[in-house]
Amino acid sequence: MLLKSAFWDYPELCDEKNLADFLRKNEENSVRYNWAVSRLLEGARVKDILVFLSWGEIESALSIVKISEEQRRKWIRLLEVYAAQRK
């Protein structure tokens, strides 16, 4: 798993178990949780992100987290394609 691209400056979060624990522990702390989700959406690979977040969670996060417009457009398009494939 290549989490280093998203969490290069937080080596402890490059570990899959540590990141899963961090997300779970901070679900109620929206600031910390949204920070981690935005880092994932900005820098991690789609297949790695899907280990931690569902498509629905990603869709919900897009209206909340701060990410670049380029990445936002990418995720919106991915969600459209994914929704079309489910039908």
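Predicted model: local features only at pLDDT ≥ 70, side-chain atom pairs only at ≥ 80, totals over all residues.
Residues are numbered from 1 along each chain as its sequence is written, and side-chain values use heavy atoms, with hydrogens and water left out.

Now to Asn 26. Asn 26 sits in the loop between H1 and H2; helices here are DSSP runs of H or I with at least four residues, numbered from the N terminus. With a relative accessible area of 8%, Asn 26 is buried, a word that means under 20% relative accessible area with a 1.4 Å probe, protein chains only.

Next, helix H1, residues 16–25. Its buried residues are Leu 19, Asp 21, Phe 22 and Leu 23, and what covers them includes H2 and helix H3 (46–52).

Helix H2 covers residues 30–43. At 1.5 Å a residue, its 14 residues should span 20 Å, and its end C-alpha atoms are 20 Å apart, which agrees; the expected span is 1.5 Å times one less than the number of residues. The buried residues of H2 include Tyr 33, Ala 36 and Leu 40.

How do the helices meet? The axes of H1 and H2 come within 8 Å and cross at roughly 140°. Axes are lines fitted to C-alpha atoms over the stretch in contact, with angles from 0 to 180 degrees between N-to-C directions. H1 and H2 are therefore oblique to each other. Angles under 35 degrees count as roughly parallel, over 145 as roughly antiparallel, 65 to 115 as roughly perpendicular and the rest as oblique.

The axes of H2 and helix H4 (residues 55–62) come within 11 Å and cross at roughly 105°. That makes H2 roughly perpendicular to H4. Here Tyr 33, Val 37 and Leu 41 of H2 meet Glu 57, Ile 58, Ala 61 and Leu 62 of H4.

Last, Asp 48, which is in helix H3. Asp 48 counts as buried at 3% relative accessibility, and its side chain reaches the backbone nitrogen of Leu 2 at 3.1 Å.

Definitions and conventions
Helix = DSSP H or I, 4+ residues; strand = E, 2+ residues; numbered from the N terminus. Buried < 20%, exposed > 50% of the residue type's maximum accessible area, 1.4 Å probe, protein only. Contact = heavy atoms within 4.5 Å. Polar contact = N/O pair within 3.5 Å; in protein donor to acceptor, adjacent residues only side chain to side chain.
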